[in-house]
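Please look at the sequence and the structure before reading on.

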Amino acid sequence: MLFNSIEFLLFLPIVFIIYWILSKKLILQNIFLLAASYLFYGLWDYRFLSLIIFSSLVDYLIGLQLKKQVNGRKALLFTSLFVNIGFLMVFKYFNFFIDSFVDFCSIFSYKPSVTTLNIVLPVGISFYTFQTLSYSIDVYRNKLEPTKSMLNFFTYVAFFPQLVAGPIERAINLLPQIENKRLFDYVKAKSGMRQILWGLFKKVAIADSCAAFVDPIFADYTNFSSIGLILGAVFFAIQIYCDFSGYSDIAIGVSKLLGIDLMQNFSFPYFSRDIAEFWRRWHISLSTWFRDYVYIPLGGSKVSKILQLRNIFVIFLVSGFWHGANWTFVFWGFLHALCYIPLIFLKRNRKNLDVIAQNKIFPNFVEVIQVFRMFVIVTFAWVFFRANNIQEGFGYLEHMFKNMFFDNSFLNKVGLETENLYVVTFFIIVMFVFEWFNRAYSFGLYNMPKNKISRYVLYLFLCLTIIQYLSGKNEFIYFQF
Amino acid sequence: MKKFLLEILIFTAVLFVVLKAIKLMVPYYWGNKQVAQKMEFLKTSNKDFDAFFFGSSKTYRHINPILFESKTGKSAFNLGATGTFTLEVEYLMDNFLHTKKFYDKKDIYVQNITYSFIGKKNLHSVRSNYYLDTKRAFRGINYFTSRKEYTQAYYHLVGFIENQLCIGQVFDIFKYNINGVLPLKGIIAQQNGFYPLDQSLKHSPNNKNLIKRNTDYLKLVEQNKQPIKTNQSKELKLIKLKPIAFGLDDYSNSFNLWLIKNNPISDPKYYFDRGHYNSLGAEKYMEELSEIINKRNKDKK
């Protein structure tokens, strides 16, 4: 089920009402939450529910055994790693490895006879496997007491708001909330509604509208002039942000309605002043996951310069690879690593820890230049992320500088009218203005006008815009990662 | 909790009222551009027509009102449009007959086709849901449920909800209000709403879709060396009804029911593609049709 669908519009109020009716009996509430989560996932493809159930069962049992056993704990942890990463390897990366192997052999003029499998990528597999993995690792490290309740653990893994696209929530934060009685909180619920509204606005009004430009431009980039290609790249940068952060906002907002707090996943990354700050603000649940379970175990920054260099490359390349089974994602990670390394060696990676233009309305000139520079770098890297292969990414950039003429003929080529461009640009401006004034908070609609009428007019505007674009036709980009 | 639910309910109610108000800004036919052009033409036209034809492209491309008038003596207007759904035809006709200017005076001919499916790719489009009011939606849901076509029943339910909530319609409604529709002019206006496909291709020689449909058909004829069985034999039936009975299901037991069953034209030279006649075929069809109608009128007298 998609968040931006009619089905979800009916599903959410029903779940909300029954969930709170059952609030007196925690066990019943959790049974219902689990059933609702499985229904939410099963409506996409019920066959893959077995994967979630199996993955949950394995880590639940391993968690209990890790607590009981003194010897053989490492073997138990490896079992969890083997099962979860094994699922990922089979469902997400199998064909990629086979194809890459064939390509590698062809360098030596050898053509091995291999077959690829027609595998469907289960939605959200990258998210929930990382979630179950973190549970086993935390229990292994004695940072977390394993839960005895199978129901609670299964509900933690399958919790529907964040099941298919995160945030990748740690058991240490989410599990205690599932184990304990939740109380309805008016302020939290209201904030949740606002965050859902904001997330939907970003997803359906901006991301999907940008996609209408981006898709035809990337599909036929050789026939576009510079202005079209620049617009394609910039709109993709905005599309992917609004798509993914919009989804996270909806997930966090829905959780708030259910009395559960999820971690902040995006913190206005395009207001970052350098790439290190960008990564502290972009997909926080994933970057902190890699930091805690990959970077720090490798020694982090407390090793020699050479090893630090290795660690940074590892974390960025693995992060790229996590996004998809294609070399373009690895290359995207590589580009980010290249931009990050100078900051590490100049010891400037922790320079911008505060919010930009703190306690001020507008940034100063230097900050504007820094933000612009960072956006340009990130947008260039996104071109490779979006391209079908690395050559295509370079081709796109080459054409961007080759066909240096500026006209609006690209609008005819993408089959859209000037007014579509104006409308989406207006929405983007609205979004950035709201996010700018809420940059010290958790989402773009956190602080609202004090005047009740202006507040409700704004809600109405957002609702009408969402209603205009809400069709459920477009899947969330991050579903397949 | 109560306060929260109350606030949500009040806001939802306000939103719903606003959406209803937005919907009132446009006429009932706004979702179908071809029909809208024709309706606006009728609204401003001084001509008083005796008969109206409703239907899909089979009506739009085949029924020549000028020829009809010359054969039957009754002036007519073609309100057919391409890709029109059965329930959409019913909705348009229903509302048309409730318009004061047209009520209870005219002969109405409706293309009798079985309920059309909403294709998956069209599911969320305005064009396939703007006509799904309560009456039409429940008729569609009942019809498809009784035939165990549950996906179609579900699609009709989704379309109904989307239409009630104006999903995907808000900007189009504002645009319709600002820009209106292009006036019906030229040959379509001169021919009282009739526009055969070969004429359409003549006026838009670069229309790839039309070229493909025509060449595909000609290729098929060439390969088979014989008349091609067209898929429209059922769909060329026409019902004539008095403007009292509304709804296709009601017609079967209604009065003044005229079914014109035969579609005797099978020679490929009369066709533009597998489903439509060309001008020549339309002419022949109108001759046959007028003959039957005249005969019926005579018998009735």
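The expected span of a helix is 1.5 Å times one less than its number of residues. In this predicted model, helix H4 of chain A covers residues 73-107. A straight helix of 35 residues would span 51 Å, but the end C-alpha atoms of H4(A) are only 43 Å apart. H4(A) has a kink of about 70°, with its centre on Tyr93(A).

Several residues of H4(A) are buried: Leu76(A), Ser80(A), Asn84(A), Phe87(A), Phe91(A) and Lys92(A). An α-helix has 3.6 residues a turn, so residues three or four places apart point the same way. The cover over the buried residues of H4(A) includes helix H3 (49-68) and helix H5 (125-140) of chain A. Just after H4(A) comes Ser109(A), whose phi is positive, at about 55°.

Next come the domains. Chain A is assigned domain 1 (6-183) and domain 2 (187-273 + 352-480). Taken over C-alpha atoms, the centres of these two domains of chain A are separated by 29 Å. Their contact takes 18 residues from domain 1 of chain A and 18 residues from domain 2 of chain A. On the domain 1 side, H1, helix H7 (160-163) and helix H8 (171-179) of chain A each supply at least two residues. H1(A) gives the most to that side, with four residues.

Chain A also touches chain B, with 16 residues of chain A in contact with 16 residues of chain B. Helix H1 (6-21), helix H9 (186-219) and helix H19 (452-469) of chain A each supply at least two residues of the chain A side. The largest share of that side, six residues, comes from H19(A).

The table gives the classes of residue on two sides described above.

| Side | Nonpolar | Polar | Charged |
|---|---|---|---|
| Chain A, touching chain B | 11 residues | three residues | two residues |
| Domain 1 of chain A, touching domain 2 of chain A | 11 residues | five residues | two residues |

Confidence remains. The model scores ipTM 0.83 and pTM 0.84. Chain B has an average pLDDT of 81, and 83% of its residues score at least 70. The pLDDT is below 50 over residues 230-237 of chain B, a stretch with 18 contacts in the model beyond near neighbours in sequence. Residues 242-257 of chain B also have a pLDDT below 50, and this stretch has 25 such contacts. Where pLDDT is low, the predicted coordinates should not be read in detail.

Terms used: Residues are numbered from 1 along each chain as its sequence is written. Chains are lettered from A and ligands numbered from 1 in the order in which they are written. This is a predicted model: local features need pLDDT of at least 70, side-chain atom pairs count only at pLDDT 80 or more; totals for chains, interfaces and linings use all residues. The bend at a residue is the angle between axes fitted to the seven residues ending there and the seven starting there. A residue is buried if 20 or more other C-beta atoms lie within 10 Å of its own, exposed if 12 or fewer, and partly exposed in between; C-beta atoms are placed from the backbone. Two residues are in contact if their C-beta atoms, placed from the backbone, lie within 7 Å. Ala, Val, Leu, Ile, Met, Phe, Trp, Tyr, Cys and Pro count as nonpolar, Asp, Glu, Lys and Arg as charged, and the others, Gly among them, as polar. pLDDT is the predictor's confidence in each residue, from 0 to 100. Domain bounds come from an automatic or database domain assignment.
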